[in-house]
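Please read the points below alongside the sequence and the model.

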Amino acid sequence: KAIWKKAAMVSAVVLARGQVVGTWQAKARAKEVDVTITPLSGWRKSKHLAGARRAAQAYAEHLGRASAKLAVD
């Protein structure tokens, strides 16, 4: 249910070693991108947060923004 939404909408997922450990959403602003992760049962902050920060920053750069602001719900 966390990944498959109504009307066949599929949430973007956070993968760690091939396992889904969360979902994520992003909102682009003028100079940065706000990325919000919703952890699932496999999420371990100590293991996954640093990689999520790197991926969020790479995503912001891909969109031409200077930085990413990461939040974990």
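1. Strand 2 (residues 19-28) and strand 3 (residues 32-39) run antiparallel and are joined by seven bridges. Two strands are taken to pair if DSSP finds at least two bridges between them. Three residues separate strand 2 from strand 3, and the two form a hairpin.

2. The model is predicted: local features need pLDDT of at least 70, and side-chain atom pairs count only at pLDDT 80 or more, whereas totals for chains, interfaces and linings use all residues. Residues are numbered from 1 along each chain as its sequence is written, and side-chain values use heavy atoms, with hydrogens and water left out.

3. Strand 3 also pairs with strand 4 (residues 67-72); these two run parallel, with six bridges between them. Here the bridge partner of Thr-36 is Ala-71 in strand 4.

4. Overall, the chain contains one helix and four strands, in the order β-β-β-α-β from the N terminus. The chain is as compact as a globular protein of 73 residues, because its radius of gyration is 12 Å, close to the 11 Å of the globule rule. That radius is taken over C-alpha atoms, and the rule is 2.2 Å times the number of residues to the power 0.38. Helices (H or I, at least four residues) and strands (E, at least two) are DSSP runs, numbered from the N terminus. Along the principal axes, the C-alpha atoms fill a box of roughly 35 × 35 × 20 Å.

5. Of the 73 residues, 22% count as buried; buried means under 20% relative accessible area, exposed over 50%, and partly exposed in between (1.4 Å probe, protein chains only). The chain exposes about 5,400 Å², of which carbon and sulfur atoms supply 53%. These areas come from the Shrake-Rupley method with a 1.4 Å probe, and for residues only the protein chains shown count as cover.

6. The side chains include 14 positive and 4 negative ones, and the centres of the two sets lie 8 Å apart. Lys and Arg count as positive, Asp and Glu as negative, while His and the chain ends are not counted. Each charge is placed at NZ of Lys, CZ of Arg, CG of Asp or CD of Glu.

7. Leaving aside residues up to four places away in sequence, His-48 touches Ala-16, Val-21, Gly-42 and Trp-43; contact means heavy atoms within 4.5 Å.

8. Ala-12 belongs to strand 1 and is partly exposed, at a relative accessible area of 28%. With residues up to four places away in sequence not counted, Ala-12 touches Gly-22, Thr-23 and Trp-24. The C-alpha atoms of Ala-12 and Leu-49 are separated by 17 Å, and these residues are 37 apart along the chain.

9. Two backbone angles deserve a check. Most residues other than glycine have a negative phi. Ala-7, in the segment before strand 1 (12-16), has a positive phi near 60° and counts as exposed at 75% relative accessibility. Arg-17, in the loop between strand 1 and strand 2, has a positive phi near 55° and counts as exposed at 89% relative accessibility.
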